[in-house]
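Hello,

Here is the structure I promised to pass on. My notes follow below it.

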Amino acid sequence: MAEKKQGRLTKVLDYLKHDDPFSKGVAFCPGCGLELLLRFIPRVLGNDIVITGTPSCSAPVLLGQNNQSWHTLSYFGTLMTGAAANATGLVRYYRKAGIDNTVVCFNGDGTANDIGFGNLSGAAERNEPFIYICYDNEGYMNTGIQKSGTTPYGATTTTTPYGSVHKGKNLRRMNLGLKMAMNKIPYTATATLSDLDDLAKKLLKAKEAKERGFCFLHVFAPCPTGWGADPADTIEICRRAVKTNYFPLWEAENGRIRMTKTVKKPKSVGTYTELMKKFNHMTEDDIKILQDDVDYEYCLLGGLSVLEAECQLPVSVKDQGETS
Amino acid sequence: MNTTATPSRIKVITGNAAAAIAAKLARPDVVAAYPITPQTEVIEQISTFYASGEMDCELITVEGENSAMNVVMAASLAGGRVFTASSSWGLVFMYDAVLAVAGARAPVVMVNVNRETPGIIAVSSGQQDMISTRDAGWIFLIAEDCQEVLDLVLQAYRLAEDYDIQLPVMVHYDGFFLSYLSEGVDIPEQKTVDQFLSVLKTQPKRTVLHPGEKLGVGSHGILGGYMELRHKHVTAMERSKAKFEEIDKEFADIFGRSYGGQVEEYRTDDADMVLVGSGSMCGTIKAVIDEQREKGVRIGLVKIRMYRPFPHKALVAALKGKKAIGVVDRSLAFGFDGGPIYTELKAFETRMDGAKLISFIDGIANTDITKTNVEKMIQMTGDLADGKDVPEVTWVSYPDANTKGEK
C-alpha cells in the first residue's frame, strides 16, 4: 500500500517541471483549495503564462496589493463581468503581433457561472484560443459566503441561511462543466485536488488543445472557511466528492465526453456532506433530494458519453480552430 | 474650419461610414463591437472591410457591449491599437469596463453615436449618454459633421497613444443626425494618415502586458499609490488640452483642415453675444448666424470640441467680455436650473467680466434644433444682453415646460 502511494506521488511530481512563482506565505485561509490549485497551474504549465483574474478570494494574491505582488507571473487583474472578454483581447492581440502565449483565465464560479457567463459563452462560441479555469468553491466566498449558481441544494450560505421557514438553498446547482462541453469546444474537463495527476494531465491537454481553440477546466476547489469544514479535510472532501459521484471526473474533446475516473461502487452522498457544516441541518429526506440530483446528473453524463460515441462528429466541429 | 490643401478624394458618405473609414485608415490591431442603433453601420462597414481584406485586424464580433470594451481594454494593455463603437445603452452596458479602461490608462479609441438613455427605450437623439458618462476619466471629443467625425477619430489616436497622455478617447457624434446623414467627406490617402500617425512610433514605448515579463495590471491599489495614480490621471487630462491644440495644428499642416483645438470660435471677434453649442447643432447655428449678421446682429458661436477635460480656460478666453451667452444643451442635469454644459459654464461666470448666461434645452428625443429655434435662442440671448427679464432656462421645442413647469 505504502509503495503504491509512493508511486502515485512520484507521478504527480513528474508533472511539476516549473518553479512555484508564488511567495511562500500568502493571504489565504488554512486548507484553501484555491491556493493549491493556483500554485499548481504554473508549476505544470510554466511561468510564462499570462494569468487573468477578477475580484474574488484569488484577487489579493493573484492581483497583488498596492505596489506589491505575491508572485512573478504576468497577470491582468480585471472585472468579473468581462473576464473571458479580457482574455480574448489578450490572445487576439498576441496572435496579431505573433507573440506565443498561454493565457489562463482564472475565475471562481461566481464569475464563470453567474455574472461573467455571457462572455464565457461568447468566448466559447468564437472558439477563442485560451484556457479558462473555473475554481468552483460553490459560492461567493470573498464577500462572505453567499449563494452562487453552483451552490448545491440544501447548502447554507449567508444569503440562503437556515431559518424557520427556509432552510438553506432550495434550488439545485448548475452543471457548469457540462454546459461548456455542450458547446463542442476543443477541450472541456473536470478536475479536483484529490486527483492531481489527472488535473496535471488535463492542464497539459488543454495547453495543447488551445492551439485549436477554447478550453474549459472546471475544478472543484473546497473552501473550508465557507463550508464549515476542517482545513485538514480539504483533500478528503475532494476525494469523497469524486467517490460519491458528486463531482465526477471526465473530459470532452470537441464535446465528446469520456470518463477519466469511474467509481465502481459510488458511496452515498451523505458520506460527502457529513464533512461540512453547511449541510448539517439537512434531514434524510433532504439528503435524498441531493442524492437524486447527483444520480441524475451522473446518469445523464454516462448517457451522453454513450450517445456521442455513436454519433458522427460533424466536419464543422472537427475543423474548428479558426476563430471568427 | 479652414480648408487650404487640395482635396484628395471626396465621397458622399454617412457619419457612421466616416467613422469606419477613419478606423480603417488608423490600421487598428484589434476591433471588437456589438450592434446598436444608431451605431450599427460602423461595425457593418468594418466587417465589410475585414471580409474583403481591406482591414488586416483581429475582428471580434462579441456577444455584448460589455465584452467589446473588455476585449479592447486587454488588447490595448497588451500593446495593440484598438477600436470599438457604441451608443447609449451599449455605452452604459460597458460602463464598468469604460471606467476600468480609464483607470488602467489604456489608450482605447472609440466612437459613441449619441442617443438618449431614459427608460422609455428612446431610439432618438440626445447627448444624455455622453453626459451620464462624462467623468469616467476619458477624453471626450465631439464632432459637428461627417468630415469632423473622420478627422477626430484620426486625431484621437494621436492623442490617446501619445506617450505623455496615454488616456482613452471617445469621439461623440449625434445619432440620427450625423450617423445617417450623408455629406461630402474628404477621405485622406492611407500614406498621409500613416505619416500623421507615424510620430507615435518615434516616442518611447509604453509599458505593455506580455507573457513571461513578470508584469501585472490591475493591482488591488487600496493604500499606497492610489491617490498618486488618480492625481496623475487628472494631470494627464490637463496635458491633453495643449496636446490636442498641437495635434490640430499638425493635422492642418498635413490635411489642410484646422478646427481650432478645444473650442472652435465662429464669428466671435466682434460679437456682443454668443451661443455655446456642440455637435451637429453647430451647423444650423452657423447658418443662422450668417443670416443674422446680414441684419447687423452681432452674434457668434463657440463650439465645444473637447468636452472632457472641460476646456474652461479656452471657453473663458472665448466668452470673456461678451454681454450675453446662451448655452444649448442636448441633455438634462437634474436639480440644476439649466442643462449640464450650462451648469458647468456657470462655475466660471465670475471670470467672464460680467457676461450673463442663459440655458436652452433642445434637440432631445429627435426634435430638430431648427433654424427657427436658433433664431428664438438668439432673440432671447439678445434680450438678455439688453438687460431684459429672460427666464434662466428655456425648453425651446417644448413651450409647456416654460409655462407650466414647476419651479
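Which residues are buried in helix 8 of chain A? They are Leu196(A), Leu199(A), Ala200(A), Lys202(A), Leu203(A), Ala206(A) and Ala209(A). Buried means 20 or more other C-beta atoms within 10 Å of the residue's own; exposed means 12 or fewer, and partly exposed is in between, with C-beta atoms placed from the backbone.

First, the ground rules. This is a predicted model: local features need pLDDT of at least 70, side-chain atom pairs count only at pLDDT 80 or more, and totals for chains, interfaces and linings use all residues. Residues are numbered from 1 along each chain as its sequence is written, while chains are lettered from A and ligands numbered from 1 in the order in which they are written. Helices (H or I, at least four residues) and strands (E, at least two) are DSSP runs, numbered from the N terminus.

Next, a helix pair in chain B. Helix 7 (residues 146-160) and helix 9 (residues 226-255) of chain B pack at about 125°, axes 10 Å apart. Axes are lines fitted to C-alpha atoms over the stretch in contact, and angles run from 0 to 180 degrees between N-to-C directions. The angle makes helix 7 of chain B oblique to helix 9 of chain B (under 35 degrees is roughly parallel, over 145 roughly antiparallel, 65 to 115 roughly perpendicular, the rest oblique). Helix 7 of chain B contributes Asp151(B), Gln155(B), Arg158(B) and Leu159(B) to the contact. Helix 9 of chain B contributes Ser240(B), Lys243(B), Phe244(B), Ile247(B) and Phe251(B). Contact means C-beta atoms, placed from the backbone, within 7 Å.

Now the chain contact. It takes 40 residues from chain B and 39 residues from chain A. Helix 3 of chain B gives the most to the side of chain B that touches chain A, with nine residues.

Last, some backbone points. The peptide bond from Thr37(B) to Pro38(B) is cis, omega near 5°. Pro38(B) sits in the loop between strand 3 (30-33) and helix 2 (40-51) of chain B. Arg308(B) and Pro309(B) are also joined by a cis peptide bond, omega about -5°. Glu138(A) is not glycine, yet its phi is positive, near 55°. Glu138(A) is buried, with 27 other C-beta atoms within 10 Å. Ala365(B) has a positive phi near 55°. Ala365(B) is partly exposed, with 15 C-beta neighbours inside 10 Å.

Best wishes

Definitions and conventions: Two residues are in contact if their C-beta atoms, placed from the backbone, lie within 7 Å.
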